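Here is a short report for a reader meeting this structure for the first time. Look it over, then read on.

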Amino acid sequence: MIEVQNLTKRYGRVTAVDDVSFRVERGEILGFLGPNGAGKTTTMRVITGYMPPSEGRVRIAGFDTLEQPIEAKRRTGYLPESPPLYPEMTVREYLLFVAQIKGVPSRARASRVERAMVRTWIADVKNVHCRKLSKGYRQRVGLAQALLHDPDVLVLDEPTAGLDPKQIIETRQLVHELAGTHTIVLSTHILPEVAQTCQRVVIINKGKLVAVDSPEALTARLHGATPIYVQVEGGDAAADLQGVPGVTRVAVADRHGSAIGYEVESTRGEDVRRDLARAVVARGLGLLELRPLRMSLEEVFLQVTTEEPGGEAAPAGEATA
Amino acid sequence: MSNVIAIARKELRAYFSSPIAYVVIGFFTLLFGYFYVAILDWFVRQGMLGGMGMTASALNVNQHFVRPLLLNLTVVLLFVLPMITMRTYAEEKRAGTMELLLTSPITDLQIILGKFFGALLLYAAMLAVTLVYIGVLFAVGTPEWKPIAAGYLGLLLLGASFIAVGLLISSFTRNQIVAGMLTFGVFLLLWVIDWIGTFLGPAGEKIVNYLSVVRHFDDFAKGVIDTTHLVYYLSFITFGLFLTAKSVDSERWRG
């Protein structure tokens, strides 16, 4: 549905995006991950046709964004980083205007606007002027605006920024609902969000694509590298944990009464969590907690976006999946 | 076409839901009234002198009242029109709504024309309000309507040319004040450009005279519609809108 080929974007001498290629299939949710200034927004702006690429090409449903911009834009909905609202319009007026310029036929406009407002939980503010909306509402009106014309492709630049936890969950659900019928690209720097919502992840750093894969596959590559926290009750389990094959180091992390917390490190590439649990239970001790110390995706993210001089190169991934 | 109308309506809504439209129309009408009274006073005194046989030519309402009135009015446009055009692009860029417009399935030209006609309609509304004063003229005297209509056509064209320049300048910046100030400066320059005519020599004089926006207006104020001037204003507007399109496009490439 979305085809990005050797996309390069330069601002003067600065290269914001450097030779990035990836594809997104119909109905898929692609997570766009990267530190601030990595080129996420620039890539999204090129995909949506806001700016042309310096080199390379982008196709939306087969339409080149440079050669057939109108056709490509008709099929794209875009929520920019800051929602593009007109302060002097009410929410409903604003959405009707957007429906008009997005090419929604005049008969269908009112019902489409109504539906989008219900879907994004903003029907209660439809007669409020955009300038008076809170950040959470602004974000959701922006989302409604992107959905209005029922585009094939949805590009969402940090859709959950500024929302409260309940709204974040609701927005995630909405994104899930939309996924089957729409192809979605969303950027975020909240890592759990990617693990929960996206089927595939693109990690971009300093304008370069460093990894493309499913969140599971990305984390699987690194299993074992992440220290694991184990909390045990009823006795010292250090020796038992140390005895598990693959474990390289066990250290006491904390003590709360009779519970002892251990930090367990293991060799890279091995998932020792099952064996650790078994070892503790076999001793007859109480296993209170067992979890990776860092979100595994966070670990991936740090690994691929941090330069390690002399270290192992970042996994390049399948640039064109 | 429907996209142009959509943008134009959006522009008008923005003017009328902010103080801009009211301030501009109020200010313009007030100054129009002031000039009206001042020139009327002069006209009446001239008439009295004429009655005493002290002036050579007979006074004519069209030539000696409406014409100076409209010529004076053009000065007011210098101040008022930048206030209308300064926000057109600058505000869209500042608020980030440019991203919405440029990622919608509409062309740059449709956006430009929409903004142009939005501003032009507000300006036309300003002129329409002043017709009340002209109506008074018809109630108490017998002016000819055709020269007045020509004069208003001239005002509309002159204003449209300024609006085209104003749009162009607004597309350069995201700061309304900068856009407004620059626009005013450029208008003023276009206004006085023929003052240095004699200094530039015969060829230069011809060029600056041609470029001067007001010089082309005088015939309209007299009540004459000359195709030279029509062509001048229409090409001025087209050129201004064309440059605006280029400016928006180049901004796209630069990012």
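Ile163(B) touches Leu81(B), Thr85(B), Phe116(B), Ala119(B), Leu120(B) and Tyr123(B), leaving aside residues up to four places away in sequence. Contact here means heavy atoms within 4.5 Å. Ile163(B) sits in helix H7 of chain B, residues 145-170. Helices (H or I, at least four residues) and strands (E, at least two) are DSSP runs, numbered from the N terminus. Ile163(B) counts as buried because its relative accessible area is 0%. The cut-offs, with a 1.4 Å probe and protein chains only, are: buried under 20% relative accessible area, exposed over 50%, partly exposed in between. Met48(B) is 115 residues from Ile163(B) along the chain, and their C-alpha atoms are separated by 41 Å.

This is a predicted model: local features need pLDDT of at least 70, side-chain atom pairs count only at pLDDT 80 or more, and totals for chains, interfaces and linings use all residues. Residues are numbered from 1 along each chain as its sequence is written, chains are lettered from A and ligands numbered from 1 in the order in which they are written, and side-chain values use heavy atoms, with hydrogens and water left out.

## Inside chain A

Chain A holds 11 helices and 14 strands. Of its 321 residues, 52% count as buried. Take the contacts in chain A between residues at least 6 apart in sequence: 69% of them join residues at least 24 apart.

Thr43(A) belongs to helix H1 of chain A, residues 40-47. Is Thr43(A) buried or exposed? Thr43(A) counts as buried, because its relative accessibility is 0%. Not counting residues up to four places away in sequence, Thr43(A) touches Leu7(A), Val17(A), Phe22(A), Phe32(A) and Ile204(A).

Strand E7 of chain A, residues 153-157, is mostly covered, with 5 of its 5 residues buried. In a regular strand the side chains alternate between the two faces of the sheet. Both faces of E7(A) are covered. Val153(A), Val155(A) and Asp157(A) are buried on one side, and Leu154(A) and Leu156(A) on the other.

E7(A) pairs with two strands, E6(A) and E8(A). Two strands pair if DSSP finds at least two bridges between them.

## Where the chains meet

In chain A, 27 residues are in contact with 25 residues of chain B. The area buried between the two chains is about 2,500 Å², and carbon and sulfur atoms give 62% of that. Buried area is the accessible area (1.4 Å probe) that two parts lose on being put together, summed over both. Which residues of chain A lose the most area to chain B? They are Tyr50(A), Tyr86(A) and Ile101(A), together 26% of what that side buries.

The rule finds 2 salt bridges across the interface of chain A and chain B. A salt bridge is a side-chain nitrogen of Lys or Arg within 4 Å of a carboxyl oxygen of Asp or Glu. Glu93(A) forms a salt bridge with Arg13(B), with the closest N and O atoms 3.3 Å apart. Strand E1 (2-11), helix H2 (69-74) and helix H3 (91-101) of chain A each supply at least two residues of the side that touches chain B. H3(A) gives the most, with 6 residues.
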